[in-house]
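The sequence and the structure are shown first, and the description follows.

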Amino acid sequence: MKKIYWFIQKTEIMGGTEIVTINLINLLSKYYDITLVVAGKKNEDLNLKYNNKIVYLDIPLKHLCLDLETGRLKKEKKYLLIPFSAINTVFFWTFRRFKYRKLIRNITDENDLLIASSWDNYVLVPRGRKAYFHFHFNAKFFNSIGIRLSRTFHRKPDKYIFLTKATADIIKKKHKRYANSCYVHNPCRYDCLKNVKFNDNKIIFIGRYTYQKNPILALNIAKELKDMDVYFHMNFYGDGILENEINNFILKHELNNFVSVNHFEDDIEKELLSSDLLLVTSKYEGFPLVTLEANSFSVPVITSNWGDAVNEIVENDINGYIINKDDPKEYANIIKALFENKNRLLDLKEKTVQYAIKFSSENIINKWQKILDESFKM
């Protein structure tokens, strides 16, 4: 059996990319010999099915997640150390990556397939190996100046695997050299469960407290709902550099009785099952897995227009609503209308869980098998 080495950034802190990748490995390991390669440090609690092998590269988290390190330094008021931290990380990736490339080359074979899930683990992939890049963001991010610059420092992948058709189409049209790229939607981790009940007007926000996820917009929506005298409660689940700013906003606008800020929950299914709406306010995304997870439990989404593929994942009045402007009043008006018309919300919950079926694991894994089988025939 030919081998696959699948790279992720870290397991000390699990983000969407790591969750998706580990789920895919667990689903595909029934058919392929897969080794998980973690750029970060060992996680004793990480369990994979089928006794998959795991290789840890032990790269410090401060070099893998500069945003988290910057947030820590800000929290500790060590502002003068922030530029030195950034320079240190740039130095690390400029010069130390070759050590890890050599290590990867020594543990793999030229017949193996290497799949990377982010830029910082793709730059560790050595030449002389077939490499696929499972790209987790949208076309705008792919074509940004920073990412375009980073692409000049590493080899071109044998294939890009994007998360949506829209992203793949835009990139293939703009970059002819990526014509053999393809796309596969992310599978939902959970089986669909019809959960058509009301949960006391609870709204849930799940995501890192970072500028990308834009939690401050979510708080402004909460403020608008409060000013409209709408009965609701908004629960935040996440971690990140904006946590202090979030708490200060809540105090300033007297939202303590309307908003709760929590850290990530391992049992997030329980929180989704007790929510009426999911709120996504991201500035950009590739494929927000949380939307599928909420939909699978009959929870519709009120989402920003976060990128080129938003319409592949959300259909207005089917599994939620897309808001095209960062105007908290527009979000609040939709939420208010749903909470004041329970029949409309009930109908949306019914349609939402049906919509989620097309992202089931069975449907998505069949597409992955075609891509991987084709790669081993080449």
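This is a predicted model: local features need pLDDT of at least 70, side-chain atom pairs count only at pLDDT 80 or more; totals for chains, interfaces and linings use all residues.

## Helix 1 and helix 16

From helix 1, the residues Leu 24, Leu 27 and Leu 28 make the contact, and from helix 16 the residues Ser 361, Ile 365, Trp 368, Gln 369 and Leu 372. By class, this contact of helix 1 with helix 16 has 6 nonpolar and 2 polar residues, and no charged ones.

Leu 372, in helix 16, has 0% relative accessibility and therefore counts as buried. Apart from neighbours within four places in sequence, Leu 372 is in contact with Ile 4, Leu 28, Tyr 32, Leu 113 and Ile 115. Leu 372 and Asp 112 are 260 residues apart along the chain, while their C-alpha atoms are separated by 11 Å.

An open sheet is formed by 7 strands in the order 3-2-1-4-5-6-7, and the pairing is parallel. Strand 3 (53–56) and strand 7 (182–183) stand at the edges; each has a single partner strand, so one side of each is left without a neighbour in the sheet. Strand 5 (residues 130–134) pairs with strand 6 (residues 159–162) in the parallel sense over 3 bridges. Within this pair, Tyr 160 of strand 6 is the bridge partner of Phe 133. Helix 1 (residues 16–28) packs on the sheet, where it touches strand 1 (3–8), strand 2 (33–38) and strand 5. The direction of helix 1 makes about 165 degrees with that of strand 1.

Strand 4 (residues 113–116) pairs with strand 1 in the parallel sense over 4 bridges, and Phe 7 stands opposite Ala 116 of strand 4. Strand 4 also pairs with strand 5, again in the parallel sense and over 4 bridges; here Leu 114 has Ala 131 of strand 5 as its bridge partner. In a regular strand the side chains alternate between the two faces of the sheet. In strand 4, Leu 113 and Ile 115 point one way and Leu 114 and Ala 116 the other way, and all are buried. Leu 113 and Ile 115 are also among the contacts of Leu 372.

Another open sheet consists of 6 strands in the order 10-9-8-11-12-13, with parallel pairing. Its edge strands, strand 10 (259–262) and strand 13 (320–323), each pair on one side only. From one strand to the next, the twist averages 20 degrees.

Strand 9 (residues 233–237) pairs with strand 10 in the parallel sense over 4 bridges, and Asn 235 has Ser 260 of strand 10 as its bridge partner. Helix 9 (residues 215–227) lies across strand 8 (202–206), strand 9, strand 10 and strand 11 (277–280). Relative to strand 9, helix 9 runs at about 170 degrees.

## Helix 3 and helix 4

Two packed helices are described by the angle between their axes and the distance between the axes. For helix 3 (residues 66–75) and helix 4 (residues 81–107), the angle is about 160 degrees and the axes are 10 Å apart. That makes helix 3 roughly antiparallel to helix 4. The crossing in which helix 3 passes helix 4 is right-handed.

Helix 3 contributes Leu 66, Glu 69, Thr 70, Leu 73 and Lys 74 to the contact, and helix 4 contributes Leu 81, Ile 82, Ser 85, Ala 86 and Thr 89. The contact of helix 3 with helix 4 divides by class into 5 nonpolar, 3 polar and 2 charged residues.

## Helix 12

How many residues of helix 12 (residues 289–296) are buried? The count is 8 of the 8, so helix 12 is largely enclosed by the rest of the structure. The buried residues of helix 12 are Leu 289, Val 290, Thr 291, Leu 292, Glu 293, Ala 294, Asn 295 and Ser 296. Just after helix 12, Ser 298 takes a positive phi of about 70 degrees.

Key. Residues are numbered from 1 along each chain as its sequence is written. Side-chain values use heavy atoms; hydrogens and water are left out. Axes are lines fitted to C-alpha atoms, for helices over the stretch in contact, and angles run from 0 to 180 degrees between N-to-C directions. Helices (H or I, at least four residues) and strands (E, at least two) are DSSP runs, numbered from the N terminus. Angles under 35 degrees count as roughly parallel, over 145 as roughly antiparallel, 65 to 115 as roughly perpendicular and the rest as oblique. A crossing is left-handed if the near helix is turned anticlockwise from the far one by less than a right angle, and right-handed if clockwise. Contact means heavy atoms within 4.5 Å. Ala, Val, Leu, Ile, Met, Phe, Trp, Tyr, Cys and Pro count as nonpolar, Asp, Glu, Lys and Arg as charged, and the others, Gly among them, as polar. Two strands pair if DSSP finds at least two bridges between them. Buried means under 20% relative accessible area, exposed over 50%, partly exposed in between (1.4 Å probe, protein chains only).
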